[in-house]
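Dear colleague,

I am handing over a structure for you to look through, and I have written some notes to read beside it. Please open it first and then go on to the text below.

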Number of protein chains: 2
Amino acid sequence: MIAEEFKQMLGQKSVIRQLAEYGSERAKEIGYENVFDYSLGNPSVPVPQAFTDHLVALATSKDPGAVHGYSPSLGITSVREKVAASLKKRFALDYTKEDIFMTSGAAGALAHALRAVTQEGDEVITFAPFFPEYTPYVTGAGAVLKVVPADTETFQINFEAFEQMFSPKVMAVLINTPNNPSGIVYSSQTIQRLAAFLEQKQKEYGHEIYIISDEPYREIVFEGVDAPCVASHYPNTLTCYSFSKSLSLPGERIGYVAVNPQCKDAALIVDMCGQISRGIGHNCPPSIIQLAVAEVLDQTSDLSVYETNMNILYDEMTRLGFSIVKPGGTFYMFPKALAEDATAFCKHALKYDLILVPAESFGCPGYFRMAYCIPTEKVERSLEAFRKLAADYK
Amino acid sequence: MIAEEFKQMLGQKSVIRQLAEYGSERAKEIGYENVFDYSLGNPSVPVPQAFTDHLVALATSKDPGAVHGYSPSLGITSVREKVAASLKKRFALDYTKEDIFMTSGAAGALAHALRAVTQEGDEVITFAPFFPEYTPYVTGAGAVLKVVPADTETFQINFEAFEQMFSPKVMAVLINTPNNPSGIVYSSQTIQRLAAFLEQKQKEYGHEIYIISDEPYREIVFEGVDAPCVASHYPNTLTCYSFSKSLSLPGERIGYVAVNPQCKDAALIVDMCGQISRGIGHNCPPSIIQLAVAEVLDQTSDLSVYETNMNILYDEMTRLGFSIVKPGGTFYMFPKALAEDATAFCKHALKYDLILVPAESFGCPGYFRMAYCIPTEKVERSLEAFRKLAADYK
């Protein structure tokens, strides 16, 4: 008999994917240039040329067996060494290859990190608004996801609610900064307060509490924004990284778990990740992509377009009466809908071919998410549609 | 607190990996050419040039966003269509893209197939000798693995033992033909008998029983060997394929689940695989590798070296007194050790720098596995070492 739990999940397909599919269909009708699709977080800028050059050199190598051969299950040793060296230089933490586990993107990283530090039935806390896939990620690991309501004034952490929800069952706190969907970056003050609280709770409860820091947007931080390194503030941190956004490679599934070298049992946790892989069919990220990425660790795509787009949208939409906490990074923005029912509001926006994602599934009803990783000229042309939309709600 | 179950698995690391690591270390001491390493199944022949050409063309495409962008979670649509068309042409089964789910290698395929057709506590039956990773694969899916003892005369299915072990709790039968580690290909007679038995049990128990057919060695079948298509004989078949061996790409993690179009709920099972991915961090195999493989579906590396190697080894080792069931495919051979304790025997073989894998973990004590995916000249030079080894047991 087929597995009922997965059959039932089919009824709850991602609203983001559904809207993106609508956008593709609509583009066929009225032309791609006329659909203002703010649904999907697919980077709009090309991968750096240096990555492409390395990829071609590897593909045409005289030893294809070495390039395309099995990767060790923790990742290719030289790649782990280079990732550790790059992190050490950048964040002044003493990473070595023993702290690095290469993964198939951030999804793979989170799948391993969550399984490494929780047991069946343990609680994992996250903060609204949050990436909806956290629910299947945490549930799939056998843990229980608890969501702290948003502080809608700042989209920093709502500490009052968080502290009330905390209990000895919480083994990990899952944070995402810069944040999808709010675009907010947790400030040094926020991270310091979170770290101090968890240090105190570790002592009180007598067990480790881990921060799982999901950081695919680490490289997309806007000018003048305070963007602290989470691991620098809290030893028991597992950083989950993906090159999807920084190198515009979301389809190539490449990322890592970096366990803070000061974390209790850091190398053991990495070794355990290799065992976790066996049960979930992970094995290792693609060899040639590991090798190519390792050559461009300190580079990014030209990410400046995202800040340009954000400023255009923020200025005009604020002027139109939208309430928005100004993003500090990512390519997301999280305005309040002009009506109480954000789903109805986003549906109405389709009239002007504006594709916006209502935020119910992000744990923050009444808001919507915009992924502005689209060409700037299109952002500019979409402003007229926002004007018409706002006028309907005057 | 860290997850005890994975910590404990560290004590039971793969004996294959341990021996391969020993081989690498030994090569540093005495030179790579002097170590006869039969431990690892890493293909020794290069990927086809056509694959490389397509990979380079994709990497240097004018639209890198389309090449490196997110794949839909079931796989890139055009790739699924091409895989279906290729299978349809080859096996005369009416596959369409709705029956195909692209995966990160056979490990990813098995992780999804097992989760799709079993629920917590269901039984999955496999046949000794079997690939040791089946244990974590099945356990990780929440099911229980039952192993039917080997028929050591033929390494076909031991039907007597199988039928006795069968019960209504068995939801899937996991087979691997051509087989790792025996190199044996299940004959038409074996597959027909298996199919007939399962058809009868489906009726008797009133529920579906699936064959999960793990076929990474499908393209490596030796001359004159009867190698039936499993799905052609049994509608409820989920075929798990990997391009690792046929295209010499084990590190690039690319394969698929092909659900027999005659399988009950075929398209539903494929859709469910997309949901299963969410819980295990799979998402999709690398986009550029999907696109490149789709262009060479009907090609393989030059696999003829494996048959050459097999014949050299089979002839000489048989002459030396080894008892071997002659392989019909793969690049494995599974001789009986010359002493009762295969582990001690393989340890002794290290004296002659012969790296052989004892078969305890394959569920068949007293035997050992040889992966002869190494250059033929090295196979020939290893014969002297086998002569010395055999002499010690005269």
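Predicted model: local features only at pLDDT ≥ 70, side-chain atom pairs only at ≥ 80, totals over all residues.

Residues are numbered from 1 along each chain as its sequence is written, chains are lettered from A and ligands numbered from 1 in the order in which they are written, and side-chain values use heavy atoms, with hydrogens and water left out.

The contact (heavy atoms within 4.5 Å) involves 73 residues of chain A and 73 residues of chain B. Together the two chains bury about 5900 Å², with 60% of it on carbon and sulfur atoms; buried area is the accessible area (1.4 Å probe) that two parts lose on being put together, summed over both.

Across this interface there are 2 salt bridges, each a side-chain nitrogen of Lys or Arg within 4 Å of a carboxyl oxygen of Asp or Glu. The side chains of B:R278 and A:E133 form a salt bridge, at 2.9 Å from N to O.

In chain B, 3 strands (DSSP runs of E, at least two residues) make an open antiparallel sheet in the order β9-β12-β11, where strands pair if DSSP finds at least two bridges between them. Because β9 (332-333) and β11 (357-358) of chain B each have a single partner strand, one side of each is left without a neighbour in the sheet. Between β11(B) and β12 (residues 368-371) of chain B there are 2 bridges, and B:V357 has B:R369 in β12(B) as its bridge partner.

Best wishes

Terms used
Helix = DSSP H or I, 4+ residues; strand = E, 2+ residues; numbered from the N terminus.
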